[in-house]
Amino acid sequence: MPNIGPISDLRNRANEISEFCKTTREPVFITKNGSGDMVVMSIETYELQQAQLELYAKLAEAEVEIASGAKGD
């Protein structure tokens, strides 16, 4: 279940949110005026997600090359 909190929690509970993100490796969804506004996550989780996206992009590119008949070195 996602962890959701109001934007005031960033001001009032920043250290708790930071610790939660680091220990659980889960994001915290922040709302503003009752609507989703932003997501807070640890830098480690962010970097892992970015690395995964880069890998997926490379895999997709390789699949296109294979489908078009490219041969590996």
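Because the model is predicted, local features were considered only at pLDDT of at least 70 and side-chain atom pairs only at pLDDT 80 or more, whereas totals for chains, interfaces and linings use all residues. Residues are numbered from 1 along each chain as its sequence is written, and side-chain values rest on heavy atoms, with hydrogens and water left out.

Secondary structure elements are DSSP runs numbered from the N terminus, helices being H or I runs of at least four residues and strands being E runs of at least two, and two strands are taken to pair if DSSP finds at least two bridges between them. By this criterion, strand β1 (residues 3–6) pairs with β2 in the parallel sense over four bridges, and within this pairing G5 stands opposite I30 in β2. Strand β2 (residues 28–32) in turn runs antiparallel to strand β3 (residues 35–40), to which it is joined by five bridges. The bridge partner of V28 in β3 is V40, while K32 stands opposite S35 of that strand. The hairpin formed by β2 and β3 has two residues between the strands, and N33 takes a positive phi near 55 degrees there.

Three salt bridges are present in the structure, a salt bridge being defined as a side-chain nitrogen of Lys or Arg within 4 Å of a carboxyl oxygen of Asp or Glu. One of them links D9 with R13, with the closest N and O atoms 3.1 Å apart, and another is formed between the side chains of R13 and E16, also described by an N to O distance of 3.1 Å. Through shared partners, salt bridges join D9, R13 and E16 into one network.

D9, which is located in helix α1 (residues 8–12), is buried, with a relative accessible area of 14%. R13, by contrast, is partly exposed at 35% relative accessibility, and E16 likewise falls in the partly exposed class at 48%. E54 is also partly exposed, with a relative accessibility of 48%. When neighbours within four places in sequence are set aside, D9 is in contact (heavy atoms within 4.5 Å) with A14 and I17.

A further buried position is S42, found in the loop between β3 and α3 and having a relative accessibility of 6%. The side chain of S42 makes a polar contact with that of T45 at 2.9 Å; such a contact is a pair of N or O atoms within 3.5 Å, of which, within protein, one must be able to donate a hydrogen and the other to accept it, and residues adjacent in sequence count only if both atoms are side-chain atoms. Not counting residues up to four places away in sequence, S42 touches C21 and K22.

Together, L53, L55, Y56 and L59 make a nonpolar surface patch of about 420 Å². Patches are made of residues with over 30% relative accessible area and no salt bridge, like charges being joined within 9 Å and nonpolar side chains (Val, Leu, Ile, Met, Phe, Trp, Tyr) within 5 Å, and accessible areas come from the Shrake-Rupley method with a 1.4 Å probe, for which, in the case of residues, only the protein chains shown count as cover.

Conventions:
Buried < 20%, exposed > 50% of the residue type's maximum accessible area, 1.4 Å probe, protein only.
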